[in-house]
Amino acid sequence: MHCEPDMVCETKIVAAEDHEALPGAKKDALLAAAMWPPLPAAPPPAPQPQPQPQPRGGAGGAGGAGPPEGRGVHIREFRAAEQEAACRIFYDGIMERIPNTAFRGLRRHPRALLLCALLAGLCWALTGSLLLTSLVPAGLLALRYYYSRKVVLAYLDCALHTDMADIEQYYMKPPGSCFWVAVLDGNVVGIVAARAHEADNTVELLRMSVDSRFRGKGIAKALGRKVLEFAVVHDYSAVVLGTTAVKVAAHKLYESLGFRHMGCSDHYVLPGMTLSLAERLFFQVRYHRYRLQLREE
């Protein structure tokens, strides 16, 4: 299977509301690491005789209080020893796309719904059996799940053998690119990357994902802001991203970071797709483009 590294840039920003754990998903051998134990609950603070107001956020200081998102999370550059943890978080986040694409994304593709209705109607006309007719949509949903899983696993195989196979080489060494991790209580709980596009002086935000056990803490937004800061420091004209995220919450997160929706396409070819007739029938994905303009050229 041939995968061009520049194609492996499709991004999913993970918001707290944008994921549900996928039980029973098989883990790639590369990522068969033990899961972290849940963090212990913090003990209640001791009562203070004269409590003083404390600065909010990890960036608090004399100049002003920091934002509430991502409190207690440290965003820093990736280290080689964190390769396995970063790949695991990426893998888990991508695997959550299978049910999202197969089921939640169905309503965004009217042709697939029309095909289901036509086949059910044809079955009823030929057999007159309510049982057989009801099996038609169930069978089509099963096929959508099968081919969604097939395509997503092929995409993962591409990513895990290109940029995610050697994060340091692909993101840390090239000028104008970087990879960060979010660390909470010593654990890597989120990832994000930035990759330069010298042709138009833009930087692409990609590979953003947050461990499902640590969502709801503003980590995704903190990671996104890190990329924006990087773009400003390196004088890029804009930050761009592309995503096939289905849930509305993910798109709201991009907009909360200042991104503007630039359009979408139903003809995006996910890296790893074979474009077989079965894939075209039972796997549909909508690709959204976002852009945050930093300065005019």
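Local features need pLDDT of at least 70, side-chain atom pairs count only at pLDDT 80 or more, and totals for chains, interfaces and linings use all residues. Residues are numbered from 1 along each chain as its sequence is written, and side-chain values use heavy atoms, with hydrogens and water left out.

The mean pLDDT (the predictor's confidence in each residue, from 0 to 100) is 78 for the protein. A value of 70 or more is reached by 73% of its residues. Helices (H or I, at least four residues) and strands (E, at least two) are DSSP runs, numbered from the N terminus. Confidence is highest in strand 2 (residues 178–184), at 97, and lowest in helix 3, at a mean of 75. The pLDDT is below 50 over residues 4–43. This stretch still has 111 contacts (heavy atoms within 4.5 Å) beyond near neighbours in sequence. Residues 45–68 also stay under 50, with ten contacts beyond four places in sequence. Where pLDDT is low, the predicted coordinates should not be read in detail.

The whole structure holds nine salt bridges. A salt bridge is a side-chain nitrogen of Lys or Arg within 4 Å of a carboxyl oxygen of Asp or Glu. Arginine 207 pairs with aspartate 163, their closest N and O atoms 2.9 Å apart. The pair links distant parts of the chain, 44 residues apart: arginine 207 lies in strand 4 (residues 202–210), aspartate 163 in the loop between helix 4 (130–160) and helix 5 (167–172). Both are buried. Buried means under 20% relative accessible area, exposed over 50%, and partly exposed in between (1.4 Å probe, protein chains only).

Aspartate 92 bridges to arginine 88 at 3.6 Å. Both lie in helix 1 (residues 83–95), four residues apart, about one turn of the helix. Aspartate 211 meets arginine 213 at 3.1 Å, N to O. Aspartate 211 is buried because its relative accessibility is 4%. Arginine 213, at 33%, is partly exposed. Shared partners join Arg88, Asp92, Asp211 and Arg213 into one salt-bridge network.

In helix 7 (residues 248–256), the buried residues are Ala250, His251, Leu253 and Tyr254. They cover an arc (from the directions from the helix axis to the C-beta atoms) of only 150 degrees, so they sit on the same side of helix 7. They pack against helix 6 (219–233), strand 5 (238–243) and strand 7 (287–293). Glycine 258 follows helix 7, with a positive phi near 105 degrees.
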